[in-house]
Amino acid sequence: FQLGTKNPSGINSDTYVDFIVGSTFDYSKPGEFDVVLMNPPYLRNDNKVVEITDDQKCGMINAINGELGSNFVSDAGQPNLYFYFVNWAHHYLKTGGIAGYLLMAKFLNSVAGTHLKTHLLNDLVSMVFYPHDYFEGFKVTTCIVIIQKGCSGDQVNFLKIGRAHV
């Protein structure tokens, strides 16, 4: 995004860049992208500071169901808001396309994360873990999840980044 807005001439002329402003759920472009990178919002389903209305949640679920025919979010009980985005983003990928998600790591060990793990498992390629304070100023422990649409998911790479001891 920064390259495209600050230095458009630095982008290879064969590269197609698609910037859309607005809700991702309002734009259906199934199977059009080779790469999706996402740092979705980490808001609890019941967040009172930045409240997501029932109408907004219903709109997101309707978009997911309309495009994908099913969703894991409805089965997750009280899903975190990023569940909606991960469920939806998969449809943007071409077969063989790769997505990288920066996700809250707590889904790995929570009952609510069961459906998200199941959703990711078939296409999972790699998971990257790093110290909880890796991103200065943020208190959320995250991990990077990399999927490839249509891969077998039978070999997953795990990388744990540590701090150098000097």
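# Aromatic cluster, core and surface of a predicted chain

Phe-25, Phe-33, Phe-85, Trp-88 and Tyr-92 are linked into a cluster by ring pairs. Rings of Phe, Tyr and Trp (its six-membered ring) pair if their centres lie within 6.5 Å, and planes under 30 degrees apart count as stacked, over 60 as edge-to-face and the rest as tilted. The model is predicted, so local features need pLDDT of at least 70 and side-chain atom pairs count only at pLDDT 80 or more, whereas totals for chains, interfaces and linings use all residues. Residues are numbered from 1 along each chain as its sequence is written, and side-chain values use heavy atoms, with hydrogens and water left out.

The count of aromatic pairs comes to six. One of them joins Phe-33 and Tyr-92 in an edge-to-face arrangement, with 5.9 Å from centre to centre and 70° between the planes. Phe-33 lies in strand β1 and Tyr-92 in the loop between α3 and β2, so this pair ties together parts that are 59 residues apart in sequence. Both Phe-33 and Tyr-92 are buried, where buried means under 20% relative accessible area, exposed over 50%, and partly exposed in between (1.4 Å probe, protein chains only).

The elements named here follow DSSP runs: helices are H or I runs of at least four residues, strands are E runs of at least two, and both are numbered from the N terminus. The protein chain holds four helices and five strands, in the order α-β-α-α-β-α-β-β-β from the N terminus on. Of the 166 residues in the protein chain, 35% are buried. Contact means heavy atoms within 4.5 Å. Among contacts between residues at least 6 apart in sequence, 69% join residues at least 24 apart.

The largest nonpolar core has 35 residues, of which Tyr-101, Phe-107, Leu-120 and Val-145 touch the most other members. Such a core is a set of buried Ala, Val, Leu, Ile, Met, Phe, Trp, Tyr and Cys residues joined through side-chain atoms within 4.5 Å. The elements that give two or more residues to this core are β1 (33–38), α2 (54–68), α3 (81–89), β2 (93–104), α4 (114–121), β3 (124–129) and β4 (142–148). Helix α3 supplies the largest share, eight residues. Leaving aside neighbours within four places in sequence, Val-145 is in contact with Ala-99, Gly-100, Tyr-101, Leu-103, Phe-107, Leu-120, Leu-124, Ser-126 and Met-127.

Beyond neighbours within four places in sequence, Met-38 is in contact with Phe-85, Val-86, Ala-89, Gly-100, Tyr-101 and Leu-102. The C-alpha atoms of Met-38 and Phe-85 are separated by 8.6 Å, although the two residues are 47 residues apart along the chain.

In strand β3, Phe-129 is partly exposed, at a relative accessible area of 25%. Not counting residues up to four places away in sequence, Phe-129 touches Leu-108, Cys-143, Phe-158, Leu-159, Lys-160 and Ile-161. Phe-129 and Cys-143 are 14 residues apart in sequence and 5.0 Å apart from C-alpha to C-alpha.

Attention now turns to charged side chains. A search of the whole structure finds one salt bridge, defined as a side-chain nitrogen of Lys or Arg within 4 Å of a carboxyl oxygen of Asp or Glu. Lys-94 forms a salt bridge with Asp-34, and the closest N and O atoms are 3.5 Å apart. Lys-94 lies in strand β2 and Asp-34 in strand β1, so the pair ties together parts that are 60 residues apart in sequence. Lys-94 is partly exposed, with a relative accessible area of 33%, and Asp-34 is also partly exposed, at 48%.

The accessible surface of the protein chain comes to about 10,600 Å², of which 54% belongs to carbon and sulfur atoms. Accessible areas come from the Shrake-Rupley method with a 1.4 Å probe, and for residues only the protein chains shown count as cover. Tyr-134, Phe-135 and Phe-138 make a nonpolar surface patch of about 340 Å². Patches are made of residues with over 30% relative accessible area and no salt bridge, like charges being joined within 9 Å and nonpolar side chains (Val, Leu, Ile, Met, Phe, Trp, Tyr) within 5 Å. Phe-135 is found in the loop between β3 and β4 and is partly exposed, with a relative accessible area of 37%.
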